[in-house]
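The sequence and the model come first, and the description follows.

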Amino acid sequence: MEQPSGNNSANAGNCVKVVERTFVPNIRNRAAGGTFSGSIHAVASHSISVEDFETEALPYLNDIFRTASRITGDKSSAQDLVQDVYLQAWKSFDRFQLGTNCRAWLFKILFNKLHHYHRARYNSKLVKDAEEFLREVAAYEPPVPEQIRDEEVLMALDKIPADYREVILLADVQEFAYKEIAEILGIPIGTVMSRISRGRKLLRIELADIARGYGIRNMKEGGR
Amino acid sequence: MTPTEHDRPRGCTTTQELVDRYLSRELPGDIAHAIEEHAAECPDCGRILHDRRRLAAGVKHAVNAETLPFELEGRIRESLRSRRGGASIFTLEPRFRFGYAAAAMLLIAIAAWGTIRYLSGERPDRITTYNPQPEKRSIPATPVSDVLRLGLSDHVHCAILHRQGDSRMTLEQMNAAVGSDYFGLVQLVRSHAGAFEIVSAHRCEANGRPFVHLILRRGENVISVVVTRKQGETLRTGAVASADSVPPVHMRLQDIREFDVTAFETDRFLAFVISEKDEPENGAISRAIAPEMRAFLGRVNT
């Protein structure tokens, strides 16, 4: 049996292309180990072209959109949100730490916006309910249906609270390391681990429920 | 070392406690290896690991099957350009504000002077070229990789996750399954399939999109030939006269693992040949079937 394929570092999407930029003297580059001691201003942003930014950031558009779409549950809102993310990223591109993970940085902006504008989706009562439910069914381990349809997986994913859904998307779809997920979401790594474990279990339970409710389709006879 | 009955419960407990971290590749190599060894010997843990791995792959596939809205990339590029150099003067440091304000005042004064001259009948000797038409920007087409993913998505869903290639249909069953519109397609592909045998042909649907799907096998090797009607997509990237003249496009794409996808198009259809990576027959079959299949699809009723 093999360890799952894929490599977190290979998926890191490091922005290695050096973008020429001009900083005013009172700003120390974080990449050089310092911190920004002054405000970033227009002189800096003018020396970075939109084309440079697009080259760095647009390759991750699919990943950002798919994640936004699954969290908001609405393609139209997701499109607006993703556009906001890229505009925000462009405006603060000066503050992006060169040589670090551009993909993770975009995801951090995405989740900042999601948490800010979509607080209603992050309903703590839902999380408490889910945790209570998990305590009640601690010993229950539903089998994963033999046939998994995309529609059923997405339906199950949509049913679990957003706090859990987001870690599953970041871990299982985007294949970020736990440490990166902790940084993106601004939560301790222990919380990431427990949410992944609980989220995956909730997903298995929801999927089993859906499979029972709809009947596992016989692909050969019934078509899809 | 085979676990003893005494060791087994502890091995199961440890494995099941660590399975989430194992799946996320968060365990050191030796511990991950120990879990694999235990799962290989313990049917319960082996099943758990297999199920969870399958579900993680299913989640990844389902989420990644969603295609980017056609216009979004163009919208973002437009909005970035509309804000090019759009920093507000109020975001500038005070020592720069005066300079920018002075420059702005000078520009306003020049514009006002020019306007006054123009209105008073004085015309400049030379008119600076100015194009009042907004800059035309072509909306970027769906990336070719996304077009190829349409076929890959159906292959992964149908041939890999649902193991449709495990079946053995007769020619009559396959012709009946694809329907009268596509009668003859199975024979066409079979005549160019080489050592591969067509084991299944059916109509299916992935993410709401209908496909005609032929599955070819040679031992454990599986190739899908997939056809779908276009919904505005194209493989054309330049000024190519017709869809029929676009040569087959090949890409290696990552889904639950790496696949080789070749695609070609007609005015109304996209056709894909999908295989595991490095399958030499992928290119050979694509090249062989493309001319005849284009002619065949041209005859399919609208």
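Does A:Glu175 count as buried, partly exposed or exposed, and what is the number of its C-beta neighbours inside 10 Å? A:Glu175 counts as partly exposed because it has 19 C-beta neighbours inside 10 Å, where a residue is buried if 20 or more other C-beta atoms lie within 10 Å of its own, exposed if 12 or fewer, and partly exposed in between, the C-beta atoms being placed from the backbone.

This is a predicted model, in which local features need pLDDT of at least 70 and side-chain atom pairs count only at pLDDT 80 or more, while totals for chains, interfaces and linings use all residues. Residues are numbered from 1 along each chain as its sequence is written, and chains are lettered from A and ligands numbered from 1 in the order in which they are written.

**Two residues with positive phi**

A:Glu175 lies in the loop between α8 and α9 of chain A, and its phi is near 55°, a positive value in a residue other than glycine. Most residues other than glycine have a negative phi. In chain B, B:Arg25 sits in the loop between α1 (8-23) and α2 (29-41), and this residue, although not a glycine, has a positive phi of about 55°. B:Arg25 counts as partly exposed because it has 17 C-beta neighbours inside 10 Å.

**Chain A as a whole**

Chain A has eleven helices and zero strands, where helices (H or I, at least four residues) and strands (E, at least two) are DSSP runs numbered from the N terminus. Of the 224 residues of chain A, 37% count as buried. Two residues are in contact if their C-beta atoms, placed from the backbone, lie within 7 Å; among contacts in chain A between residues at least 6 apart in sequence, 72% join residues at least 24 apart.

Helix α5 of chain A covers residues 102-117 and reaches 23 Å from its first C-alpha to its last, close to the 22 Å expected, the expected span being 1.5 Å times one less than the number of residues. Its buried residues include A:Trp105, A:Phe107 and A:Phe111, and what covers the buried residues of α5(A) includes α3 (61-72), α4 (75-91) and α9 (178-185) of chain A.

In the table, axes are lines fitted to C-alpha atoms, for helices over the stretch in contact, and angles run from 0 to 180 degrees between N-to-C directions.

| Helix pair | Angle | Axis separation |
|---|---|---|
| α3(A) and α4(A) | about 130° | 8 Å |
| α5(A) and α9(A) | about 40° | 8 Å |

Where α5(A) meets α9(A), A:Ala104, A:Phe107, A:Lys108 and A:Phe111 face A:Glu180, A:Glu183, A:Ile184 and A:Leu185 in contact.

**A buried loop residue**

A:Ile160 is placed in the loop between α7 (150-159) and α8 of chain A, and it counts as buried because it has 21 C-beta neighbours inside 10 Å. Leaving aside residues up to four places away in sequence, A:Ile160 touches A:Arg165, A:Gly199, A:Leu202, A:Leu203 and A:Glu206. The C-alpha atoms of A:Ile160 and A:Glu206 are separated by 7.9 Å, although these residues are 46 apart along the chain.
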